[in-house]
Amino acid sequence: MRPVRILLAAIALTTVALTGWALGARDDTQAGASPAVTAAPPVAPPPAPSDPAPRRQVAPDADTPSGNPPGATTQPAPKPRIFGFGSEPVFPEAGGFWQLPPGPGDVILVTDAEHASKVEFLLTPTGTGAHALAVRIGQDTNGRDGYLVRWSYKDQPLLAHLTVRATGPGGTTEKVVGVHHADPEAQP
């Protein structure tokens, strides 16, 4: 912090000297002397206040990042945005739930998100207070080709919520779709 204060004081002194010269405070009594040759009177830094304000302790990590002047505001990181969420193969939808075909299967879940460093795919049973029962199907941290996860589902009944959670420096965003897989015993 001290080098920054010294730099600011030097800039202020230079500004005062140049302003005084530009406004005609230079010494023109010497005939033929150019302003660059004429010595400017030394400028002393302003005296310290007799009753300085109490100083506040600043945590070492709370220091201003290098390259940003003190008092400069920085924009917060944008919150992740999920543009689309789908599957390959594409499942039919009924009542807001994807209808998985009978039997076991493999599906690729894909989403397109910006400002995300990680995308997680979670499967949560329906019902009150079921968030604690969520199971992570997978995650992808490389979004160059979209965020992809392969999911192998079993031949068992399923009524759940499939959550896509995009996480980045600006926070977290989620999208949810219902998933239904019929009971194999109830199939005609």
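**Aromatic pairs, sheet and core**

Author: Let us begin with the aromatic rings: the structure, which is a predicted model, holds four aromatic pairs.

Reader: How is such a pair described, and what is the geometry of the rings of Phe85 and Phe121?

Author: In general, a pair of aromatic rings is described by the distance of the centres and the angle of the planes. For Phe85 and Phe121 the ring centres are 6.2 Å apart and the planes stand at 35 degrees, so this pair is tilted. Phe85 belongs to strand S1 and Phe121 to strand S5, so the pair ties together parts that are 36 residues apart in sequence. A second case is Trp151 with Tyr153: their ring centres are 5.5 Å apart and their planes at 50 degrees, so this pair is tilted as well.

Reader: Are Trp151 and Tyr153 buried or exposed?

Author: Both Trp151 and Tyr153 are buried. Phe121 is buried too, with a relative accessible area of 0%.

Reader: Which residues have the most contacts inside the largest nonpolar core?

Author: The general idea is that, in soluble globular proteins, nonpolar side chains tend to be buried together. Here the largest nonpolar core has 22 residues, and those with the most contacts inside it are Leu109, Ala113, Val119, Phe121, Ile137, Trp151 and Leu162. Strands that each supply at least two residues of this core include S4 (105–114), S5 (118–125) and S8 (158–168). Beyond its sequence neighbours up to four places away, Ala113 touches Arg81, Ile82, Phe83, Val119, Tyr147 and Ala166.

Reader: How should I read the order of strands in the open sheet?

Author: Strands of a sheet pair through backbone hydrogen bonds, either parallel or antiparallel. In this model, an open sheet of six strands has the order S2-S3-S9-S8-S5-S6, with mixed pairing. S2 and S6 (135–140) are the edge strands, each pairing on one side only. Within the sheet, S5 and S8 run antiparallel and are joined by eight bridges. Glu120 stands opposite Arg165 in S8.

Reader: Which residues does Thr111 contact, and why does Thr111 count as buried?

Author: Thr111, in strand S4, has a relative accessibility of 3%, and because buried means under 20%, Thr111 counts as buried. Apart from neighbours within four places in sequence, Thr111 is in contact with Ile82, Gly84, Phe85, Val119, Phe121, Gly146, Tyr147 and Val164. The side chain of Thr111 also reaches the backbone oxygen of Gly84 at 2.5 Å. The C-alpha atoms of Thr111 and Ser87 are separated by 8.5 Å, with the two residues 24 residues apart along the chain.

How values were computed: Residues numbered from 1 in each chain as written. Predicted model: local features only at pLDDT ≥ 70, side-chain atom pairs only at ≥ 80, totals over all residues. Heavy atoms only, no water. Core = buried A, V, L, I, M, F, W, Y, C linked by side-chain atoms within 4.5 Å. Buried < 20%, exposed > 50% of the residue type's maximum accessible area, 1.4 Å probe, protein only. Helix = DSSP H or I, 4+ residues; strand = E, 2+ residues; numbered from the N terminus. Contact = heavy atoms within 4.5 Å. Polar contact = N/O pair within 3.5 Å; in protein donor to acceptor, adjacent residues only side chain to side chain. Pairing = 2+ DSSP bridges. Phe/Tyr/Trp six-rings, centres within 6.5 Å; stacked < 30°, edge-to-face > 60°.
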